[in-house]
Amino acid sequence: MSGAQPESDVIQLLEDLIRSGVHARASDIHLEPKEDRLRVRFRIDGVMAEQHPIPAEYTLPLISRAKILGKMDIAEKRQPQDGNFKLHLHAGTLISLRASTFPCVDGEKMVLRLLRGVDRLNIDQLGMGSMQSNTIRRLARRNSGLILVTGPTGSGKTSTLYAMLQEMDTARLNVVTLEDPIEMQMPSITQGQIHPRAGFTFASGLRAILRQDPDVILVGEMRDLETASIALQASLTGHLVLSTVHTNSAVETITRLTDIGLEPYIVANALIGIISQRLLRRVCSKCATSHPVEVSVTEEVGFSFPLQANFVQEKGCAHCMQTGYRGRLGIYEILEIDDRLRKLIKGRASAQQFKSLLREMNVPTLRRVGIHHASQGITTPEEVLRVT
């Protein structure tokens, strides 16, 4: 082990750090080398939370220990690296981690992603209303077409996709996925992971899947025109295709597809549904206090609040690690493509025209759904504004 610290101390320190992250419900542990310390931050409920720093003399041996576990080259400090490993914690708990390094001024920053395969949810557990749940179930049972789940990184898109897969009769259907990486394992389907260095990309993998007699195809992300083109053609030839894109709303997803070079008439004919989503932090039930909404918040929201609203404010206590929030819930804007929308897509309509039609169709925006939850005291208006 490199560095002056005893190897046993470093091994114990890393295990304690990961155990603390698991206890705090962190999704990621950030180890950031500074001149005088190793800065430690946890991402909890989507937000970074500062932790006690580690003395600088532990920086190199701690990073090296994690690199060894992840089967990375400990001598290589000039190039980013990534790896995976599993660690046994107390009471037989086995935690899977994905580690990545990034060279920086004071050494190598490392991020440890805590992978929890048990977090697979069904549609009823996603937190949406009955009408939205019924729409998603209806989309998941279609025989063909393209369904896109959209939102920023960490907005729960993978959970939604897996929830939709659980609605399918996988005993009678051939379901094949192409992911980067495989975050949750489902024994009843065939899951593949891309390997760009070996030439196994989303585009090449999707072509290979089409030769595997699939009924349902899940493509982890449509990153480029080639992948998107193959996915759309597959959805038009009798396959149900599920994928994700990084856009901010359902309307923006439609315009993004045409902006990258896809023909509007193909998009209109292939697309059957868009699910735009975010994750809101739940206010801590132990310390939340009633609170009237400030005028500035009212102006920023852009519409009137529901009657008899019960707004609360975060405070912070030991239960929520002084953040004022504990846990998260999803909010969704679900758009089922009909003939009216197809006509607008084919005519290259503006975003304003799409928004006007969605208002006519009474499709609630993400912000309206979020404010509805805030009015029930589940979250705060400020949190809704933060994510929408």
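Strands β8 (residues 145-150) and β13 (residues 271-283) run parallel and share 5 bridges, where pairing takes at least two DSSP bridges between strands. Opposite I147 sits G273 in β13. This is a predicted model, so to speak: local features need pLDDT of at least 70, side-chain atom pairs count only at pLDDT 80 or more, and totals for chains, interfaces and linings use all residues. Residue numbers start from 1 along each chain as its sequence is written, and side-chain values use heavy atoms, with hydrogens and water left out.

**The sheet**
- β8 and β13 belong to an open, mixed sheet of 7 strands, ordered β10-β9-β11-β12-β8-β13-β16.
- At the edges you'll find β10 (190-193) and β16 (325-336), each pairing on one side only.
- From one strand to the next, the twist averages 15 degrees, with axes fitted to C-alpha atoms and angles running from 0 to 180 degrees between N-to-C directions.

**Overall build**
- There are 13 helices and 16 strands in the protein; these are DSSP runs numbered from the N terminus, with helices being H or I of at least four residues and strands E of at least two.
- Along the principal axes, the C-alpha atoms fill a box of roughly 70 × 60 × 40 Å.

**Burial**
- Of the 388 residues, 49% are buried, meaning under 20% relative accessible area with a 1.4 Å probe and protein chains only.
- Helix α4 (residues 157-165) is mostly covered, with 8 of its 9 residues buried, among them K157, Y162 and L165.

**Pocket and cavity**
- The second largest pocket holds about 560 Å³; a pocket is an open set of points on a 1 Å grid over the protein atoms alone, with protein on both sides within 12 Å along at least five of seven lines, and lining residues have an atom within 4 Å of a point.
- Its lining has 20 residues, and E333, K355, T365, L366 and R367 are the closest to the centre.
- Helices α11 (351-360) and α12 (366-375) each give two or more residues to that lining.
- The count is 1 cavity of 30 Å³ or more, a cavity being a set of points where a 1.4 Å probe fits but cannot get out.
- H291, P292, V293, F311, V312, P381 and E382 line the largest cavity.

Note on methods. Grid points are joined across faces, edges and corners, and a volume is the space filled by probe spheres set on the points. Buried means under 20% relative accessible area, exposed over 50%, partly exposed in between (1.4 Å probe, protein chains only).
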